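Grab a pencil and work through the exercises below. Try each task yourself before you read its solution.

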Amino acid sequence: MSQIQPPAQSVSSQDWAHERGQKWCDQLAAMEATLDPVDAPLIDALDLDRPLRIAEIGCGGGGTLLKLLRHAQAGSSVHGIDISPALADRARARIARHEADAAIHVANAESAAAPEGPYDRLISRFGIMFFDDPQAAFSNLSSWLAPGGQIAFAVWGPPPQNPWMTSLREAVSQVMDVPDPDPDAPGPFRYAGGDKLLGLLKEAGLRDLNIRDWRGLIPLGGGVPPEPAVDFAFNAFSLGDLLVEADEAVTEEVRQRLTQCYAAHVQDGGVHMEACVHIVTGARSA
Ligand SMILES: C[S@@+](CC[C@H](N)C(=O)[O-])C[C@H]1O[C@@H](n2cnc3c(N)ncnc32)[C@H](O)[C@@H]1O
């Protein structure tokens with residue numbers, strides 16, 4: 001079995017501020033098309049029943065923000081916050097034509113004061129899993145909320161229930177040694193258990209905390225056939241970085257194994273695989 005130097009086993013907010021943010025930006029359309037099914041259950045988890053001040057944490061290139069603008073009542077303000085200047089620029093360009101009160105701020109949500117707060121609603125699609133000091137970060141975000149303000153945060157559920165993400169790791173581990181990721185490190189499965197996140201939010205002063213799971217099919221790369229889905233996976237997941245340094249035969253073997261795995265999950269011509277997302281809701285005391 002090949003042995004090569006593993007990539008960093010975690011992705012931190014600082015990575016997002018630089019290379020990781022740029023990488024996400026470079027494949028924004030495919031990333032957003034992949035994550036699109038999560039938006040409806042996430043936005044539904046918030047009461048948007050009147051004009052509200054809404055902030056999206058880790059808004060990335062703005063896909064969810066555009067949908068929030070459509071769902072928010074007239075008179076609402078919708079602000080995106082992201083640590084990556086590259087992604088913030090993309091989001092800003094996309095909201096430019098909106099007449100609603102929309103704005104994008106480059107800020108570290110872990111420590112920055114609420115850019116134009118306080119907010120009535122905080123929402124995040126996979127943007128709260130990368131903080132260096134989660135307790136400090138959630139206390140800070142709690143302070144962004146007006147009394148009675150609500151949150152809805154989406155984080156990934158357990159790895160075995162997210163084969164759309166873990167199948168690359170499985171294919172790689174069949175041809176080279178890959179260390180197990182640290183479950184507590186910043187990264188996609190940091191809150192897979194759910195309870196850890198609930199504890200942090202409770203400690204940050206939030207109440208009425210609840211987790212509801214969304215389970216459904218994720219269209220890889222937006223629902224492309226197996227071979228381009230493999231290219232998508234190599235680019236999208238940090239484990240794909242490992243293959244850049246592997247020799248060609250190793251990369252080819254991973255490619256073949258993953259293509260075979262994806263071929264078993266084709267619907268309507270594209271790869272669709274199971275996913276589980278925790279949608280966590282809660283509120284600040286009135
Ligand atoms: C997995 S991406 C999700 C992007 C977007 N929400 C989406 O679903 O398309 C995580 C996002 O969180 C942002 N992020 C990570 N740490 C952050 C922090 N401390 N403050 C603000 N944004 C952060 C990243 O720059 C990135 O845009």
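Two strands pair if DSSP finds at least two bridges between them. Helices (H or I, at least four residues) and strands (E, at least two) are DSSP runs, numbered from the N terminus. This is a predicted model, where local features need pLDDT of at least 70 and side-chain atom pairs count only at pLDDT 80 or more, while totals for chains, interfaces and linings use all residues. Residues are numbered from 1 along each chain as its sequence is written.

**Exercise 1. Find the pairing partners of strand S8 (residues 270-284).**

Step 1: Start with strand S5 (residues 145-156), which runs antiparallel to S8 and is joined to it by seven bridges. Here Phe 153 sits opposite Val 280 of S8.

Step 2: Go on to strand S6 (residues 206-219), which pairs with S8 in the antiparallel sense over 12 bridges. Leu 217 has Glu 274 in S8 as its bridge partner.

Step 3: Finish with strand S7 (residues 266-267), antiparallel to S8 over two bridges. Val 266 stands opposite Val 271. S7 and S8 make a hairpin with two residues between them, and Asp 268 in the turn has a positive phi of about 50 degrees.

**Exercise 2. Work out which unit S2, helix H6 and S3 make.**

Step 1: Check the strands: S2 (residues 77-82) and S3 (residues 101-106) pair in the parallel sense over six bridges.

Step 2: Right-handed means that, with the strands pointing away from the viewer, the path from the first strand over the helix to the second runs clockwise.

**Exercise 3. Describe the residues that surround the ligand.**

Step 1: Count them: 25 residues surround the ligand, and the closest are Ser 13, Trp 16, Gly 58, Gly 60 and Gly 127. To be near, a residue needs its C-beta atom, placed from the backbone, within 6 Å.

Step 2: Sort the shell into 12 nonpolar, nine polar and four charged residues. Ala, Val, Leu, Ile, Met, Phe, Trp, Tyr, Cys and Pro count as nonpolar, Asp, Glu, Lys and Arg as charged, and the others, Gly among them, as polar.

Step 3: Look for the top contributor: H3 gives the most, with three residues.

**Exercise 4. Explain how the buried residues of H3 are arranged.**

Step 1: List them: Ala 30, Met 31, Thr 34 and Leu 35. Buried means that 20 or more other C-beta atoms, placed from the backbone, lie within 10 Å of a residue's own.

Step 2: Look down the axis of H3: these residues fall within an arc of 125 degrees, so they line one face of the helix. The arc is taken over the directions from the helix axis to the C-beta atoms.

Terms used: A residue is buried if 20 or more other C-beta atoms lie within 10 Å of its own, exposed if 12 or fewer, and partly exposed in between; C-beta atoms are placed from the backbone.
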